[in-house]
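Here are a few exercises to work through with the structure open beside you. Try each task before you read its solution.

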Amino acid sequence: MLAGLLAALPALPLGLAGPAAAVQPDEVMRDPGLEARARAISAGLRCLVCQNQSIDDSDAPLARDLRLIVRERLGKGDGDDAVVAYVVRRYGEFVLLRPVLAWHTALLWLTPALVVGIGGLALWRLARRRRPSPPAGLSAAEEEAVAELMRRG
């Protein structure tokens, strides 16, 4: 047990580290309230270069530009929704990490349910098709052979 703990000791700093953020010190707003709002907004915006990270986690120059735009809009007094709307107007809905639920995104939201449903239906049909047939009874010759073995034994 002690050996296991000692083996895990080098990984301890990694477990204690918080999530990686690419926000540079010169980007941080002086007002902690505005900075918290900027971080919350940035966490919901996709890096258009990386595409699998938020702009808050990306080191790409475009992500930095988007972070600066968010902070600039907040500094001008825009509300959170207005800042997000501004970025969406400028870059399109793809910039949102959580797409909006609307008619034009219905396929995006329904595809996982459709895939699971179709997969479940396929598995159900496959299971029905592969049912083993009930075992057939012994033929007359097999019954005679069993009876002969029983008489000998």
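**Exercise 1.** Is Cys 47 buried or exposed? Decide, then describe its surroundings in this predicted model.

*Solution.* Start with the accessible area: Cys 47 has a relative accessible area of 1%. The cut-off for buried is under 20%, so Cys 47 counts as buried. Next, find its place in the chain: Cys 47 sits in the loop between H3 and H4. Now look for its partners. Leaving out residues up to four places away in sequence, Cys 47 touches Gln 53, Ser 54, Ile 55, Ser 58, Ala 60 and Ala 63. Finally, check a C-alpha distance: Cys 47 and Leu 62 are 15 residues apart along the chain, and their C-alpha atoms are separated by 7.4 Å.

**Exercise 2.** Which elements make up the protein chain, and what percentage of its residues count as buried?

*Solution.* Count the elements to begin with: the protein chain has 7 helices and 0 strands. Read from the N terminus, the order is α-α-α-α-α-α-α. Then turn to burial: 22% of the 153 residues count as buried. For the contacts, take those between residues at least 6 apart in sequence; 51% of them join residues at least 24 apart.

**Exercise 3.** At what angle do H3 and H4 pack, and how far apart are their axes?

*Solution.* The angle is about 135 degrees, and the axes of H3 and H4 lie 10 Å apart. That angle makes H3 oblique to H4. The crossing of these two helices is right-handed. Next, list the contact residues: H3 contributes Leu 34, Glu 35, Arg 37, Ala 38, Arg 39, Ile 41 and Ser 42, while H4 contributes Arg 67, Val 70, Arg 71 and Leu 74. Sorted by class, the contact of H3 with H4 has 5 nonpolar, 1 polar and 5 charged residues.

Technical notes. Residues are numbered from 1 along each chain as its sequence is written. This is a predicted model: local features need pLDDT of at least 70, side-chain atom pairs count only at pLDDT 80 or more; totals for chains, interfaces and linings use all residues. Side-chain values use heavy atoms; hydrogens and water are left out. Axes are lines fitted to C-alpha atoms, for helices over the stretch in contact, and angles run from 0 to 180 degrees between N-to-C directions. Helices (H or I, at least four residues) and strands (E, at least two) are DSSP runs, numbered from the N terminus. Angles under 35 degrees count as roughly parallel, over 145 as roughly antiparallel, 65 to 115 as roughly perpendicular and the rest as oblique. A crossing is left-handed if the near helix is turned anticlockwise from the far one by less than a right angle, and right-handed if clockwise. Contact means heavy atoms within 4.5 Å. Ala, Val, Leu, Ile, Met, Phe, Trp, Tyr, Cys and Pro count as nonpolar, Asp, Glu, Lys and Arg as charged, and the others, Gly among them, as polar. Buried means under 20% relative accessible area, exposed over 50%, partly exposed in between (1.4 Å probe, protein chains only).
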